[in-house]
Amino acid sequence: MNYPSRVMTIAGSASGGSAGIQADLKTFQELDVYGMSVITAIVGRHPKTDKNVHPMTLEAIEAQFDTAMKQVGADAMKTGMLFSTEVIETVAELIANSSIKQIVVDPVMVGKLDSKLLADDAIVALKEKLIPLATIITPNIPEASFLLDDRTISNVEELKQAAIDLYELGAKYVLVKGGRLTGPAVDVLYDGETITTFEAPRIDTVNTSGAGCTYSAAICAYLAKGKAVEEAVHLAKSFVTTAIEHGFSYNDMVGPTYHAAERKFGEAHVIKVGHGE
């Protein structure tokens, strides 16, 4: 039997099921890789205290990682919400001491409704400790702006320059996602030499909760399966665009992307790929 590739996500648990660990594991299952998780925090708003992020201890994070590595091992992994300096430093050390080759860092700082998911003092640790270990980082526009000292990013040309400048932080590839711009949904990939753009039609929906998590998880899954970075991004963008197109909600709140959409409806979006400087 050919066993599926092994992938791990280190991220927050989203109790509503649309994002974080839950979105990652759904994506892994759809793309036929064996998914494991290390939960860094539980995200769920308490009805009386209003507290939204409930962190795990460092011991619990280390225990989860060690258990997964001993029981299964990993071909690739992604990080999502790490929240604090201590967690980022711990995770960076775990990665550095592992044999995992493909590392996707989704620098989760800002949620779908602009909720803050990273402490201010943790940004330095993210830049200095974690990003240099990454095969690829996948910031959205607000996250790219934070990493570039609050730079304004308002069009595709500024998106390209952001990718070039973020490359200096040490990741092998930078993917800056342009989902918050107007017009087609354009993302920019930079490898230190070449800019590649990935363009998909913009889907008119508010039900995009977990789209960023799903995108980076799909990239991770394809890297684990041996795809080159550009192809992994291309395939992942098609997967997440189809999931967004079929997004839904059970009530009047922002709902999830539909992870099973590509399989259920037999659709794969055509992504326009362009190469620049």
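This is a predicted model: local features need pLDDT of at least 70, side-chain atom pairs count only at pLDDT 80 or more; totals for chains, interfaces and linings use all residues.
Which residue is the bridge partner of Val-174 in β8? Point 2 has the reply.

1. Residues are numbered from 1 along each chain as its sequence is written, and side-chain values use heavy atoms, leaving out hydrogens and water.

2. Tyr-190 is the partner of Val-174 in β8. Strands β7 (173–177) and β8 (185–190) pair antiparallel over four bridges; pairing takes at least two bridges found by DSSP. Strands are DSSP runs of E with at least two residues, helices runs of H or I with at least four, numbered from the N terminus.

3. Now the whole sheet: an open one of ten strands, ordered β3-β2-β1-β4-β5-β6-β7-β8-β9-β10, with mixed pairing. At the edges sit β3 (53–55) and β10 (272–275), each pairing on one side only.

4. Look at Val-105 in β5. Thr-79 stands opposite Val-105, and in β6 the bridge partner of Val-105 is Ile-137. β4 (76–79) and β5 (102–105) run parallel, joined by four bridges.

5. Helix α1 (20–30) is worth a look too. Its buried residues (under 20% relative accessible area, 1.4 Å probe, protein chains only) are Gly-20, Ile-21, Ala-23, Asp-24, Thr-27 and Phe-28. Down the axis of α1 they fall within an arc of 165°, taken from the directions from the axis to the C-beta atoms, so they line one face of the helix. They pack against β1, β2, β4, α7 and α8, contact being heavy atoms within 4.5 Å.

Notes:
Buried means under 20% relative accessible area, exposed over 50%, partly exposed in between (1.4 Å probe, protein chains only).
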